[in-house]
Amino acid sequence: MRRIPQPLLVVGLVLLLGVSLVCGVGMGAAGIGTADVFRFLWAGVTGGTVHAGDAAAYTIVWEIRLPRVVLAAVVGAGLSAVGVAVQAMVRNALADPFVLGISSGAAVGANAVILLGAFAGLGVWALSVSAFASALAAMVLVYAVARSPHGLTPLRLILTGTALAYGFEAVTTVMVFSAARGEAARSAMMWLLGSLGGATWPQVPLAAVTVAVGWAWLRWRAESLNALAMGDETSAALGVQPGRLRRELFLVTAAVTGTVVAVSGAIGFVGLMVPHLVRMLVGADHRRVLAVAPLAGAVLLVWADVLSRLLLAPAELPVGVITAVVGVPAFLLLMRRGGYAFGGR
Amino acid sequence: MRLDIEGLSVDAGAVRLVDDIRLVVDSGAFVGLVGPNGSGKSTLLRCVYRALRPADGVVRLDGDDVQAMEPRAAAKVLAALPQESSAEFDFTVAEVVGMGRLPHRDRTAASDREICAGAMERTGVAHLADRGFLALSGGERQRVLIARALAQRPRVLVLDEPTNHLDIAHQLDVLSLVRSSGLTVLAALHDLNLAAAHCDLLYVIAGGRIVASGPPHDVLHPALLAEVFGVRAHPVRHPETGAVQLLFDLLPPTP
């Protein structure tokens, strides 16, 4: 399969992301023209004024849509970068950011807030804080259980993560079933499938910085990831200590996944599909994959979020449903075109 | 570069896998390590290329303890072909060979390309550069991995059963390729005739201990082979080359 030159792809994706962000702000239950979008964005950035008659539209653009669209891009980039990292860390093409049980752990915390009203003292922050705290707790638990005298081995990590995820999911399910209100179960479901509906400006900076730092670190270690993907022994022979790298990867993965899940819920499929999609385009070398995958993930999630708002407007679908409905056929089609080995034959 | 293994021991729980091994590979020599399955060959080699930390003893490269060296510094002088060769992701041949440049810091894309091209030329895989590594045959893969090792520009090469799963022509081919590299080589080998034909010196390992060492034909005598490998060996001369070859059958059952 012919490969597209990487610089062209990166520039193309950056432009596409820009266009997607503008479109994402304009599209929704209340459509707003592109000219107005630019006018309001300009006003927002420069602190200019808008007509009193435009106040409602301006609020939609600046206070509701823009943080949401930006957060979609950040979450998409984060999940894709982490997806690449986890697949290399556990050396398994089926892995995704959630295989380590971190998202299921976060779901316990989130649902404790949604269903049981935990951490009510934290106000609007209760959901994110609780989700992040329980993601962190899950991470510590997975790490402690998966550790062995031989370090963190891929298979132990996957098995521990998967096993504990079942446990966390059971806890969540018990909470959902014992919840008094039917509407609460619906919100819990929405969170489990992922949604950017609750995006606000204050959530953006921390998520953006975590994802950016995680991405930069992974890109910096890309060559070592190549070695790790060839096996622990090969990696050691090339001067990359597999045990240490895997511990660092675990930490970065957990921090980024925990942050992303705290603001958006468990949006599935992006972290699994985008890494493979990008490998089909640029090959397996992590230096190229990590340059492209987060951009591709950002674009994908911005559009998935737009569709989640539009399809049943004014109601919203969980964005995880869109990534699956649109992503699965696209992915299978590309896979059928061949020329790409997912790992092994 | 000279490789010295001094008093090396490795434990796995309460079991001693490798026990007080002493082994020397002179600069430029090709030394073979032979022994039955589970005798500790791979474990010993893992300590040499730093995939395993020994319980006791040191591995020295020209006198320097490899465990004390910075990982990349060690990888610059010592390359290895471990037994695993299953990449999970479909790297191209050029990418796999390019990984050999990883330990080197002061490098440019141009110099890397040149060194990798040279390595692929030497092992005859230049025409495969854009092929997927996973799609290659066993013999091609081994040549590619040797190219990766050469791209590392090492002075010592450690090979763990490099001829496994290869047909006879490829076995000979791989070993002569390694021989012609001129590097200091320590290789675990399965096939005793192959080991005898290619190595300057053989070490025989059994139960984690070195039980014999020396020039191949002094070492591989029928009594030792009966004791270590449990086979009856018949040395015969090759009708054309005159080289001694061993024929094997099972030991007669002892009453």
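1. In β8(B), the bridge partner of B:Asp160 is B:Ala188. Strands β7 (156–160) and β8 (184–188) of chain B run parallel, paired over 5 bridges. Pairing requires at least two DSSP bridges between two strands. Strands are DSSP runs (E, at least two residues) and helices are runs of H or I (at least four), numbered from the N terminus.

2. On provenance: this is a predicted model, in which local features need pLDDT of at least 70, side-chain atom pairs count only at pLDDT 80 or more, and totals for chains, interfaces and linings use all residues. Residues are numbered from 1 along each chain as its sequence is written, while chains are lettered from A and ligands numbered from 1 in written order.

3. The sheet in chain B is open and has 6 strands, ordered β6-β7-β8-β3-β9-β10. Its pairing is mixed. Strands β6 and β10 (209–214) are the edges, each pairing on one side only. Neighbouring strands are turned by 15° against each other on average, direction ignored; axes are lines fitted to C-alpha atoms.

4. β9 (201–206) and β10 of chain B run antiparallel, joined by 5 bridges. B:Leu202 has B:Gly214 as its bridge partner in β10(B). The two strands form a hairpin with 2 residues between them. B:Gly207, in the turn, has a positive phi of about 55°.

5. Now the interface. 25 residues of chain B are in contact with 27 residues of chain A (C-beta atoms, placed from the backbone, within 7 Å). On the chain B side, α2 (71–77) and β6 (78–81) are the elements giving two or more residues. α2(B) gives the most, with 4 residues.

Note on methods
Contact = placed C-beta atoms within 7 Å. Axes fitted to C-alpha atoms, helices over the stretch in contact; angles between N-to-C directions.
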